[in-house]
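Morning, everyone. Please have the sequence and the model open as I talk.

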Amino acid sequence: MRIKDLKIIHTLFMHKNVTKTAKLLYISQPALTAKIKSIEEELGVTILIRNNKGIEFTSIGKYVAQRAEGILNEYLSFKEELKTMINGGFGTLRIATPYIFSKYKLPEIISKFQKLHPNVNFDIAVVHSGEVSQYLRENFFHFGFVRNNHSGGSEGMLRVESSEISVVCKHAFAMEDLPDLKRIDYQTDSAYKVFLNEWWASHFDRPPTMVATVSDLETCKEMVFSGIGYAFLPRLVIPDDSGLHVQPLLSEKGKPELRHTWMVYQPDILQRQLPQIFYEFVRKEYTHHHSRQRKGA
């Protein structure tokens, strides 16, 4: 079996969907089906069966998928170690990050890191915060960044940035008048939506006056600049010279509400040299004394 075969098995096991697996691996469904059959014939086992719900891995198929994941991780670790030994620190760091962090903070981190380690490249996937943990496991990314009050799990984590959640409007406004003003929302992760709904319910006894819901933060911000309405935005994305009126969202205790960014990772990734170097850089440069670390951090 080749490394590509192992990746096919692993990706299919994670998604349990032939169509999605074929799309992720950039191959046709017939080619994927034929490849699976070829792998089964080579191993002499039945890896998966089809049923009314789609596909299901057999017990031996689950074992094959678990071994495939382990071998793939070992292979990637081996390649990274070779590059480091041969090229003196050369390698690729794979990072999954939400859009906001990729635009407003990650370039700074990468720029500073590459001044110290110019031979390191980056492979960056921009995804929703809720998808980061899945990417860390499925696609073998070294690190991820999530923009919410992350509770972790088996992941190690460092808090690398905190930004006030602000009410932003082109015109001057009073917080108590928000129910009467036009509001713009953008599609974001479910945890953040729940937080905003709970904050609103604790401060007002009637729903907001919605004027628009858009697909992304940048469109929302541009609509605020155009004077269409106000929005709840991270202070991080508002330039100091924007000319917009900005007020922090306050808790019932009168303290600014913050949205944190966490760097998350699988603890065993720190056994590899290049990820360990990046981890130590971020820990020293960005977490200061407010890091929150779990097992393996």
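This is a predicted model: local features need pLDDT of at least 70, side-chain atom pairs count only at pLDDT 80 or more; totals for chains, interfaces and linings use all residues.

Cysteines to start. How many disulfides does the count give? The count comes to 0. Now accessibility. Cys169 has 9% relative accessibility, so it counts as buried. Cys220 is buried too, with a relative accessible area of 0%.

Next, salt bridges. The structure holds 9 of them. I'll pick out a few.

Lys103 and Glu218 pair through their side chains, at 3.2 Å from N to O. Are the two ends buried or exposed? Lys103 is partly exposed, at 41% relative accessible area. Glu218 is buried, at 14%.

Then Arg183 with Asp185. Their closest N and O atoms are 2.9 Å apart. Arg183 counts as buried, with a relative accessibility of 4%.

Now Glu280 and Arg283. Their side chains meet at 2.7 Å, N to O. Where do they lie? Both are in helix H10, residues 273-287. They are 3 residues apart, about one turn of the helix. Glu280 is partly exposed at 22% relative accessibility. Arg283 is partly exposed as well, at 29%.

Salt bridges can also share partners here. Lys103, Glu218 and Lys221 are joined into one network that way.

Last stop, Thr188. Find it in the loop between strand E7, residues 182-186, and helix H8, residues 190-203. Buried or exposed? Thr188 is buried, with a relative accessible area of 18%. The cut-off for buried is under 20%, so Thr188 at 18% falls inside it. Which residues does it touch, leaving out those up to four places away in sequence? Thr188 touches Lys193 and Arg259.

To recap: 0 disulfides, 9 salt bridges, and a buried threonine, Thr188, in the loop between E7 and H8. Over to you for discussion.

Technical notes. Residues are numbered from 1 along each chain as its sequence is written. Side-chain values use heavy atoms; hydrogens and water are left out. A disulfide is a pair of cysteine sulfur atoms within 2.5 Å. Buried means under 20% relative accessible area, exposed over 50%, partly exposed in between (1.4 Å probe, protein chains only). Helices (H or I, at least four residues) and strands (E, at least two) are DSSP runs, numbered from the N terminus. Contact means heavy atoms within 4.5 Å. A salt bridge is a side-chain nitrogen of Lys or Arg within 4 Å of a carboxyl oxygen of Asp or Glu.
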